[in-house]
Amino acid sequence: MAALIPTFLLLIVGFVLLIKGADFFVEGSASIARKLRVPSLIVGMTIVAMGTSLPECSVSINASLTGENSLAVSNVLGSNIFNLMVVCGVCALFAPLVVKAETRKRDFTFSILCAVLLGVLGYLGMELERMDGWIFLAIFILFLFYMVMSALKARAGGQEIDEGEEYAVIPVWKSILFIVCGAAAIAFGGDFVVKSASKIATTFGMSQTLVGLTICAIGTSLPELVTSVVAARKKQVDMALGNVIGSNIFNILFVLGISSSISPIAVITENLVDVVLLILMSLVVWIFTWTKERVNRAEGAGMVLLYIGYWVYICVR
């Protein structure tokens, strides 16, 4: 056990680099976008939303490059389930999670369809091939284009739009430094996490799928959890579910799209079971949002308990 102490330290360092690297990357990119007079709405929908998913992206791409492909897909599935059940559930414990009609009808439905598509493509041939990755990326580009055009159209029509968090404008040299250092931290952090997680899995006889669903999934989802908890404590949780849904869509379409484009990803039976569970959990939360257009504290507690049950299941299966 003592021999693994350096490995666990490397894992922690990797998570720290991923989280802080994402923060620096987002702050630098958002500042430059603001200087170029890009609407903050667009900044929030692109740079900021994707920035919170950079840890998952880094881990999955590094796993794909090093041939640890089972870690790539399990990390995405584990992160999506954690985001949906724990991040949203914890937010609802602080204050009822209000869900906008557009989020329920368009974004939530689309996220479920993305999970279904992942299950179908994974089942066909039990592998995500390069063509599947290109399909994911093409759908992601179309969805992003639609979101941006819809937002610009709504703004032009004079509709009130929540622009989200404002990011301070910092000097250009500092913004570039933040972007470069943030990207480097994300790259090294992802490499550290993949290598240390794989060594831990080998030492304890754990499968890479289990490590991806637990250690890596929770670690790479820390940015979403911390940000959402802080917002919940300030009673600013209106957009929490929307942000989680956007992150989940990004994880499936972009992260797995890039990863499978680099190297085909083998899909095992456990992955398909987790996809089905992700769909079922999404439907449960979706039903919650349709009842009273919000997720209340009792439902939030139920979501967290459901995740704990899922965690026990994947550990003993």
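Which residues in H3 meet which residues in H7? Point 2 takes this up.

1. **Ground rules.** This is a predicted model: local features need pLDDT of at least 70, side-chain atom pairs count only at pLDDT 80 or more, and totals for chains, interfaces and linings use all residues. Residues are numbered from 1 along each chain as its sequence is written, and side-chain values use heavy atoms, with hydrogens and water left out.

2. **H3 against H7.** From H3 come Leu 54, Ser 58, Val 59, Asn 62 and Ala 63. They meet Ile 186, Ala 187, Gly 190, Asp 191, Val 193 and Val 194 in H7. By class, this contact has seven nonpolar, three polar and one charged residues. (Ala, Val, Leu, Ile, Met, Phe, Trp, Tyr, Cys and Pro count as nonpolar, Asp, Glu, Lys and Arg as charged, and the others, Gly among them, as polar.) Contact means heavy atoms within 4.5 Å. Helices are DSSP runs (H or I, at least four residues), numbered from the N terminus.

3. **How the two helices pack.** Two packed helices are described by the angle between their axes and the distance between the axes. H3 covers residues 54-65 and H7 residues 172-204. Their angle is about 60°, and their axes are 8 Å apart. Axes are lines fitted to C-alpha atoms over the stretch in contact, and angles run from 0 to 180 degrees between N-to-C directions. H3 and H7 are therefore oblique to each other. (Under 35 degrees counts as roughly parallel, over 145 as roughly antiparallel, 65 to 115 as roughly perpendicular, and the rest as oblique.) The crossing is right-handed: the near helix is turned clockwise from the far one by less than a right angle.

4. **Ser 259.** This residue sits in helix H10, residues 240-262. Ser 259 is buried because its relative accessibility is 0%. (Buried means under 20% relative accessible area, exposed over 50%, partly exposed in between, with a 1.4 Å probe and protein chains only.) Beyond four places in sequence, Ser 259 contacts Ser 60, Ile 61, Ser 64 and Ile 265.

5. **Arg 104.** Look in helix H5, residues 101-123. Arg 104 is buried too, at 4% relative accessible area. Among the residues it touches, not counting those up to four places away in sequence, are Trp 286, Trp 290 and Glu 293.

6. **Leu 305.** Helix H12 (residues 297-316) holds Leu 305. Leu 305 counts as exposed, at 59% relative accessibility.

7. **Confidence.** The chain averages a pLDDT of 81, and 82% of the residues score at least 70. pLDDT is the predictor's confidence in each residue, from 0 to 100. Over residues 160-165 pLDDT stays under 50. Where pLDDT is low, the predicted coordinates should not be read in detail.

Note on methods: Helix = DSSP H or I, 4+ residues; strand = E, 2+ residues; numbered from the N terminus.
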